[in-house]
Amino acid sequence: MRAFREAVEARDMDAVEALLAEDVVFTSPVAFKPYEGRALTAAVLRGVLRVFEDFRYERELSGADGRDHALVFTTRVDGRELTGCDFLHVNEAGLIDRFMVMVRPLSGAQALAAAMGAQFERIAQEASGAAPR
């Protein structure tokens, strides 16, 4: 998933959003309920990029059919080291239709949950198309 990786590494959210299927389902490591749809997923990902510090992908794994991908990353959130993995599935059109993130350790996940909680209002505004405050 080279195009996605390059877009994230460049922090090019327009390119990231263009790679998401309209009906994408995003499963967060810190929220119980998945987020559904391109606009909401893109808004969440913009929030993630605002809270991640020194983000970098370390390696990429792909399934034999070319539709499943795993991108292992390292980052910091509020000074806490964090390792995670983006699990991506692409549909027949080559767009990401399932996106699940897992992170460790627990202290990093807790820092991520707190940082993303502080982004909630802005994420909701961005997802609805309103200008963020």
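**View 1. The six-stranded open sheet of the predicted model**. The strands follow the order β2-β1-β6-β5-β4-β3, and their pairing is mixed. The edge positions belong to β2 (35–36) and β3, each of which has a single partner strand, so one side of each lacks a neighbour in the sheet. Val25 has Glu36 of β2 as its bridge partner.

**View 2. The β3–β4 hairpin**. Strand β3 covers residues 53–62 and strand β4 covers residues 68–77; the two are antiparallel and share seven bridges. Glu60 is paired in this way with Leu71 of β4. Five residues lie between the strands of the hairpin, and Gly66 adopts a positive phi near 75°.

**View 3. Arg67 in the loop between β3 and β4**. Arg67 has a relative accessibility of 27% and therefore counts as partly exposed, since that class lies between the limits of 20% and 50%. When residues up to four places away in sequence are not counted, Arg67 touches Leu88, His89, Val90, Asn91 and Glu92. Gly47 is 20 residues from Arg67 along the chain, and the C-alpha atoms of the two are separated by 26 Å.

**View 4. Helix α1 and its buried residues**. Helix α1 spans residues 2–9, and Phe4, Arg5, Ala7 and Val8 within this helix are buried. They lie on the same side of α1, because the arc they cover around the axis is only 165°. An α-helix has 3.6 residues a turn, so residues three or four places apart point the same way. The packing partners of the buried α1 residues are the helices α2 (13–18) and α3 (38–51) together with the strands β3, β4, β5 (80–90) and β6. Just past the end of α1, Arg11 has a positive phi of about 60°.

**View 5. Thr41 in helix α3**. Thr41 is buried, because its relative accessibility is 0%. Its contacts, apart from neighbours within four places in sequence, are Leu20, Val24, Phe26 and Tyr35.

**View 6. Gln119 in helix α4**. Helix α4 runs over residues 106–128 and includes Gln119. The relative accessible area of Gln119 is 15%, so this residue is classed as buried; the limit for that class is under 20%. Gly47, Arg50 and Val51 are touched by Gln119, leaving out residues up to four places away in sequence. Glu92 is 27 residues from Gln119 along the chain, with 33 Å between their C-alpha atoms.

View 7. Met100 belongs to strand β6, residues 96–104. Its relative accessible area of 33% makes Met100 partly exposed.

Methods: Residues are numbered from 1 along each chain as its sequence is written. This is a predicted model: local features need pLDDT of at least 70, side-chain atom pairs count only at pLDDT 80 or more; totals for chains, interfaces and linings use all residues. Side-chain values use heavy atoms; hydrogens and water are left out. Helices (H or I, at least four residues) and strands (E, at least two) are DSSP runs, numbered from the N terminus. Buried means under 20% relative accessible area, exposed over 50%, partly exposed in between (1.4 Å probe, protein chains only). Two strands pair if DSSP finds at least two bridges between them. The arc is that of the directions from the helix axis to the C-beta atoms. Contact means heavy atoms within 4.5 Å.
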